[in-house]
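Student: I would like to learn how to read a few features of a protein model. Please take them one at a time.

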Amino acid sequence: MDISTQGYDNLRSYIQTNWKYLELQSSTGTPILRITTTDSRVTITNANGKITYTLVLKGSDSGVTVGTTEVGKSAIFNVASGGTAFSTESFTSFTFAGTQDELTVTHELQVPKVN
């Protein structure tokens, strides 16, 4: 049994509406910062079967400690704290060296997943 195009559209809409917390983690999975997707630093696009969360974080932002904040993963949650990540992505780790540093994190969900 296959899911219709409208069914996948509905699933993506549900995810975009309800999976609304993006967490940055160290490369070992230690939580650093979890923010809501309504935060001005986050944008979400839903196109071509993909939901893309993009976060732009600066060294001067709260939650960032220059020289020690190392980021290597992002995770998507449906709760503000605790819970289980519905999706996790790893990327090349980045350490904020100064307040002028800027990190752009892109977390992509493909529904349906195509191999």
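Tutor: Start with burial: buried means under 20% relative accessible area, exposed over 50%, and partly exposed in between, with a 1.4 Å probe and protein chains only. This is a predicted model, in which local features need pLDDT of at least 70, side-chain atom pairs count only at pLDDT 80 or more, and totals for chains, interfaces and linings use all residues. Residues are numbered from 1 along each chain as its sequence is written, and side-chain values use heavy atoms, with hydrogens and water left out.

Student: Is R12 buried or exposed?

Tutor: R12 counts as buried because its relative accessibility is 9%. R12 belongs to helix α1, residues 5–18; helices (H or I, at least four residues) and strands (E, at least two) are DSSP runs, numbered from the N terminus.

Student: Which residues is R12 in contact with?

Tutor: Contact means heavy atoms within 4.5 Å. Leaving aside neighbours within four places in sequence, R12 is in contact with T5, N46, G49, K50, I51, V111 and P112.

Student: Where does N46 stand?

Tutor: Two strands pair if DSSP finds at least two bridges between them. Strand β3 (residues 42–47) and strand β4 (residues 50–58) run antiparallel and are joined by six bridges. Within this pairing, N46 stands opposite I51 in β4. The two strands form a hairpin with two residues between them, and N48 in the turn has a positive phi of about 55 degrees.

Student: How many aromatic pairs does the structure hold?

Tutor: A pair of aromatic rings is described by the distance of the centres and the angle of the planes. Rings of Phe, Tyr and Trp (its six-membered ring) pair if their centres lie within 6.5 Å; planes under 30 degrees apart count as stacked, over 60 as edge-to-face and the rest as tilted. The structure holds two such pairs. W19 and F86 have ring centres 4.6 Å apart and planes at 35 degrees, so this pair is tilted. W19 lies in the loop between α1 and β1 (21–25) and F86 in the loop between β5 (70–77) and β6 (87–95), so the pair ties together parts 67 residues apart in sequence. W19 is buried at 18% relative accessible area, whereas F86 is partly exposed at 40%. F94 and F96 form an edge-to-face pair, 5.0 Å centre to centre with 90 degrees between the planes. F94 is partly exposed, with a relative accessible area of 24%, and F96 is buried, at 0%.

Student: How many salt bridges does the structure hold?

Tutor: Side chains of opposite charge can pair when their charged atoms come close. A salt bridge is a side-chain nitrogen of Lys or Arg within 4 Å of a carboxyl oxygen of Asp or Glu. The structure holds five. One of them joins R34 to E23, with the closest N and O atoms 2.9 Å apart. That pair links distant parts of the chain, since R34 is in strand β2 (residues 31–36) and E23 in strand β1, 11 residues apart. E23 is buried, with a relative accessible area of 4%.
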